[in-house]
Amino acid sequence: MVFGASSSSSKGMTSIDKRNDGNNNFVAERNLSALIVDDDLIVRRIHTTLLTKLGVKTQGVENGKKAVDLFQSGDFFDLVIMDMEMPVMDGPEATKQLRAMGIGSMIVGVTSRNLESEKQAFMGAGLNDCYVKPLTVDDMIAILNKLNNN
Amino acid sequence: MDSVTQLQGQLVDYTTSLFNEGYLNDQYTQLQQLQDESNPDFVVEVVSLFFEDSERLLNELDRALDQQSLDFRRVDSHVHQLKGSSSSIGAQRVQNVCIVFRNFCEAQNVEGCLQCLQQVRHEYSLVKNKLETLFKLEQKLLAARGSIPTQ
C-alpha cells in the first residue's frame, strides 16, 4: 500500500494516487486501521471517506467514551482521529484514558479553532499531533506517512 | 460550440464565481477530490447533510433566541455546530457569520445575536441556492454527455 503526494497542475492540489509515482512514497508493511472520534456526522463522513480512499480500514464513533469502550473491549486501531469538543467524554479526557490504559496508537487531535493555547492543552493530554479540522488530503497523507515510519 | 462544451464552460464559470465571491473555499475542493467511481455522489451527499443539519440548527436557534431569558450557552452550542458543518463543506460566508455570532454569545450581547441569526439565515439561503444551481448545471452536463453517441 502506497501513500503518495503528487501535485497536479492547477492550484497545487494533491491527487490521491495509490500508484507509486516516485514522489515521497512509502509502502505500508501491513493494513492500517483507524478510528474517527467526532460528534459531527459530516466531519466523520469526510474523514472516513478520506481514509478509506487511502486504503485504511475505518470506523467512526461520536464521543470519547465510545472510543475508550472499543479499546477496552479489545479492539485495536493504529490511528485515532480525536475531536476535541464532544459530549459525554471530550477528546482530552478520552486521550488521557487511552494513554493510561497503555494504548500506544497514534492519536491525532482535531480542533475547530486554530488557537495555540487550545492545541497545546490538548497535546498535553497525550496526542502525537494536533490539526485544525477538517483534515485535508495533504494532512492525512502526512499523518499516514508518519504512522508508517514509526 | 456544441452544448457539452457550452455547459462545461458555464459550469467552470459558475464554480469560479462562487469561489471568487467567497461563497465557497478550498474545503469544497477537498470534497470534490474525495469523489470518485466508488463514491460518485459524495459531494451532493455531504452537502445534503449540511442542508439538513443547518435547517435543524437554524430552527433551534430561532427557538433559543425567542426565550424570555436567553441561555447563551445553548445558543453558542448550536452556532458552534453550524460553524463546524459550514466549515466542513467550505461554506465560507456562513462560517464567517458564525464566528462573529459566537463572539456575541460570549459577550452575552442579545442584539448582536439576533442580528447574527438574521445574517446567518441570509447567508445560508444564498449558499444553498448557489449550490443547488451548481448541482443542476452538473446534472445537465452529465445528461448532455450521456446523449452523445460514442465514436
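Predicted model: local features only at pLDDT ≥ 70, side-chain atom pairs only at ≥ 80, totals over all residues.
View 1. A:Asp40 caps the N-terminal end, with a side-chain oxygen 2.9 Å from the backbone nitrogen of A:Ile42. After the helix comes A:Gly55, with a positive phi near 85°. Buried residues of H1(A) include A:Ile42, A:Ile46, A:Leu50 and A:Lys53 (buried is under 20% relative accessible area, exposed over 50%, partly exposed in between, with a 1.4 Å probe and protein chains only).

**View 2. Where chain A meets chain B.** The contact takes 20 residues from chain A and 22 from chain B (contact means heavy atoms within 4.5 Å). Together the chains bury about 1,800 Å², 58% of it on carbon and sulfur atoms; buried area is the accessible area, 1.4 Å probe, that two parts lose on being put together, summed over both. There are two salt bridges between the chains (a side-chain nitrogen of Lys or Arg within 4 Å of a carboxyl oxygen of Asp or Glu). One of them joins B:Asp36 and A:Lys53 at 2.6 Å, N to O. On the chain A side, strand S3 (14-15) and H1 each supply at least two residues, and H1(A) gives the largest share, eight residues.

**View 3. B:Ser87 in helix H4 of chain B.** B:Ser87 is found in H4, residues 72-89. B:Ser87 counts as buried because its relative accessibility is 14%. A polar atom of its side chain lies 3.1 Å from the backbone oxygen of B:Gly84. Leaving out residues up to four places away in sequence, B:Ser87 touches A:Lys133, A:Pro134, B:Gln27 and B:Gln95.

**View 4. A:Asp83 in strand S7.** S7 covers residues 79-83 of chain A and holds A:Asp83. An unreviewed UniProt entry lists A:Asp83 for "modified residue: 4-aspartylphosphate"; such annotations may be inferred rather than shown by experiment. A:Asp83 is buried, at 3% relative accessible area. Beyond neighbours within four places in sequence, its contacts include A:Asp38, A:Asp39, A:Phe122 and A:Lys133.

**Notes for all views.** Residues are numbered from 1 along each chain as its sequence is written, and chains are lettered from A in the order written. Local features need pLDDT of at least 70 and side-chain atom pairs 80 or more, while totals for chains, interfaces and linings use all residues, and side-chain values use heavy atoms, without hydrogens or water.

Terms used
Helix = DSSP H or I, 4+ residues; strand = E, 2+ residues; numbered from the N terminus. Polar contact = N/O pair within 3.5 Å; in protein donor to acceptor, adjacent residues only side chain to side chain.
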